[in-house]
Amino acid sequence: MNMIEAINDALHVMMGHDPDVVVFGEDVGYFGGVFRATAGLQAKFCKMRVFDTPINECGIIGAAVGMAAYGLRPVPEIQFADYIYPGLDQLISEAARLRYRSAGEFTAPITVRSPFGGGIFGGQTHSQSPEALFTHVSGLKTVIPSTPHDAKGLLIAAIEDNDPVIFFEPKRIYNGPFDGYYDHPSKTWKNYPGGQVPEGYYSIPLGKARTVREGSAMTVLVYGTMVHVAEAVLAEKGVDAEILDLRTLWPLDIEAVEKSVQKTGKCLVIHEATRTSGFGAELVSLVQERCFYHLEAPIERVTGFDTPYPHSLEWAYFPGPVRIGDAVDRLMKE
């Protein structure tokens, strides 16, 4: 399966498993979503459980909060992560606080799906990576898969979770892994280990990182599209690095991070989002606090720039093989 098919399969599994699961958003019903991730759901589960909404992200999230308090398990889709901001008040002030403010009487089992990130020439309004905003909010969980296998298992776990989950889907790798070279031929998930998706139900626990490859030269902390870019760069350079795919940004698998950095003594953090106050800053801080006496070199960070995502200069903004390679070289010289 590709990632779209895996997400679609997860929704089919959960809607068949639990009649309280409902899916809604802009064009998700009859049309099946702008990326076709909800294709076939309305025909199978009816318009009462899979339906289109007005273009109103605040209303979409607000309705989800009410549904969750009533006992349903809503899975709203925000068509692009760039459009999630009108729903921030509902997510932060209502969904994330509902369990706490009601002393556990109510929960908010909401899973907000949304494509995010660049690499498709979407420009500043279709390429943003706002994940750090949500990791700052107590009560929200933030999940980002990097393979179809993980996408299905993590989405099932997110829907089953009794707390609100932001489920960001890296749209650049919907149809195949990406090595960071935009001029290389596109790849598909066929014959790629992460593209092997089991049929039926399975879940991957939230808050557990995945070791993409073991190594001793350095630890590379990545998630989403950048997992594949980092893997390609390190293979090309022949560096024996350990790559950790975080999968869940919050709750973070800090034990896996500590164990890896203490083993390698060096750390490289990579993400596509803007640099200042990006989630990489939190990772750098945690590694510095917990692994200081094991570090043999300053922590390196490769990110997007502090600017709106440029359309014509997309690959200058994207933290690709050149910038990642330079950071790897600096760490190896220390």
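The model is predicted; local features need pLDDT of at least 70, side-chain atom pairs count only at pLDDT 80 or more, and totals for chains, interfaces and linings use all residues. Residues are numbered from 1 along each chain as its sequence is written, and side-chain values use heavy atoms, with hydrogens and water left out.

Helix H10 spans residues 279-291. Helices (H or I, at least four residues) and strands (E, at least two) are DSSP runs, numbered from the N terminus. The 13 residues of H10 reach 18 Å from first to last C-alpha, close to the 18 Å expected at 1.5 Å a residue. That expected span is 1.5 Å times one less than the number of residues. Buried residues (under 20% relative accessible area, 1.4 Å probe, protein chains only) of H10 are Phe279, Gly280, Leu283, Leu286, Val287 and Cys291. They cover an arc of only 120° around the axis, which puts them on the same side of H10. The arc is taken from the directions from the helix axis to the C-beta atoms. Their packing partners include helix H9 (254-264) and strand E11 (267-274).

The largest nonpolar core has 61 residues. Such a core is a set of buried Ala, Val, Leu, Ile, Met, Phe, Trp, Tyr and Cys residues joined through side-chain atoms within 4.5 Å. Helix H1 (residues 3-17) supplies its largest share, 9 residues. A second, separate core of 44 residues includes Phe168 and Leu252.

Val143 is found in strand E5 (residues 141-143). Val143 is buried, at a relative accessible area of 0%. Its contacts (heavy atoms within 4.5 Å) include Leu154, Phe168 and Thr248, not counting residues up to four places away in sequence.

Key. Buried means under 20% relative accessible area, exposed over 50%, partly exposed in between (1.4 Å probe, protein chains only).
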